[in-house]
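This report describes selected features of one protein model. Please consult the sequence and the structure shown here before reading on.

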Amino acid sequence: MKQEATLQGVKVIEICNVAAGPFCSMLLADMGADVIKIEHPDGGDTLRSWPPISDGYSENFASLNRNKKSVTLNLKNPTDVQAARQLMRSADIVLENNRPGVMDRLGLGYADIRQLNPQIVYCSISAYGQSGPRSQEGGFDLTVQAMSGLMSVTGEADGPPVKCGVPVCDFSAGLYAAFSIVSALRMAERNGEGTHIDISMLGATLGIAALQTSEYFGSGNNPRKLGSAHPRNAPYQVFRCRQGYFGMAAGNNSLWKSVCQVVGRPELFDDERFTSTSLRAQHQQALLEIMESIFASEDAQYWLEQFRAAGVPCAPINQYSDVLADEQVAHMNWVQNIPLPNGLTARTFASPIRFDGQTSRIAVGPPALGEHNDEILSTITTQGEGA
């Protein structure tokens, strides 16, 4: 089975900006859905202006908008709103990430579109959800990282709050949305009834924090910042060595025994402080000092070779230039060329999903603003919606 055939024939109307929504619809587009991105004629998706800019075209935008079509509509113009309604009338999915209430005021909310298309799967992504005391508060990845508790467990124990370097609140919301949409689409195809999916960045971020929330529920204690360490596993963190660092994770007694053998300290396996995973976690500061005193004798490459040979999970501290050039990434064909509307070619990270051992090739690059106006808008009528 080809990945791009799984959602073939499914039509998606996207009215989204920046990350969470566009990422979600790109996942659907990678699976073969026909995604029509509605953008404002004046500049379009905000991400179009984000660097790096290659001869006037944003590679950030390209990374989240491949395999889509773009039409420009001014949704403050009644005629253009009518055009959007006609597009939604024949769609399977509508995806939007505006502040709650905006689409309703435009006449494009779920209640409006459901009257035209009872089978529509309508997904709204927002910071805090479509209802409730915070629903009208705006939010970005930074503020949701702060609100969700994520910042309270990120960084060094004695350091100030820091955000995760990857916008996990945006992208986890996009992932939850894509999963929910496909699930709801299956139900709509079976019983002919659509639904309104409410995806909040806050909820998605709490959803992926299951280990932290369960720690609080179970103990009554807030999880703490531990740098790269783990609250329940050790050795399981980044270690300093000669001229650098590396990561190593020995999360069970068998792996711990291998670590003791690799570092030439078999007696550590019987040390009463380190005889179980929970005891090693409890005494991990002492364990860290012992390990780093040993690791100081050699560089990261040496220790990585030794641990790999012993079957202990370990990794270098890569920069993106390192990992994108890694032999595993090349084997998976995850880095691919993508054509830009200006005639240039950029590189991008393709879909990481493989079907039958194959990574799909990018079918179509990201669209120019309004590139598909004639193709799409010429097929609809805005002179009344009929029966």
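Gln86 counts as buried because its relative accessibility is 10%; buried means under 20% relative accessible area, exposed over 50% and partly exposed in between, with a 1.4 Å probe and protein chains only. The model is predicted, so local features need pLDDT of at least 70 and side-chain atom pairs count only at pLDDT 80 or more, while totals for chains, interfaces and linings use all residues. Residues are numbered from 1 along each chain as its sequence is written, and side-chain values use heavy atoms, with hydrogens and water left out.

Gln86 lies in helix α3, residues 78-89. Helices (H or I, at least four residues) and strands (E, at least two) are DSSP runs, numbered from the N terminus. Between Gln86 and Ile380 there are 294 residues of sequence separation, yet their C-alpha atoms are 6.6 Å apart.

Six strands form an open sheet with parallel pairing, in the order β5-β2-β1-β6-β7-β8; two strands pair if DSSP finds at least two bridges between them. Strands β5 and β8 stand at the edges with a single partner strand each, so one side of each is left without a neighbour in the sheet. Within the sheet, β1 and β6 run parallel and are joined by four bridges, and Ile15 stands opposite Glu96 in β6.

| Strand | Residues |
|---|---|
| β1 | residues 11-15 |
| β5 | residues 68-72 |
| β6 | residues 93-96 |
| β8 | residues 195-200 |
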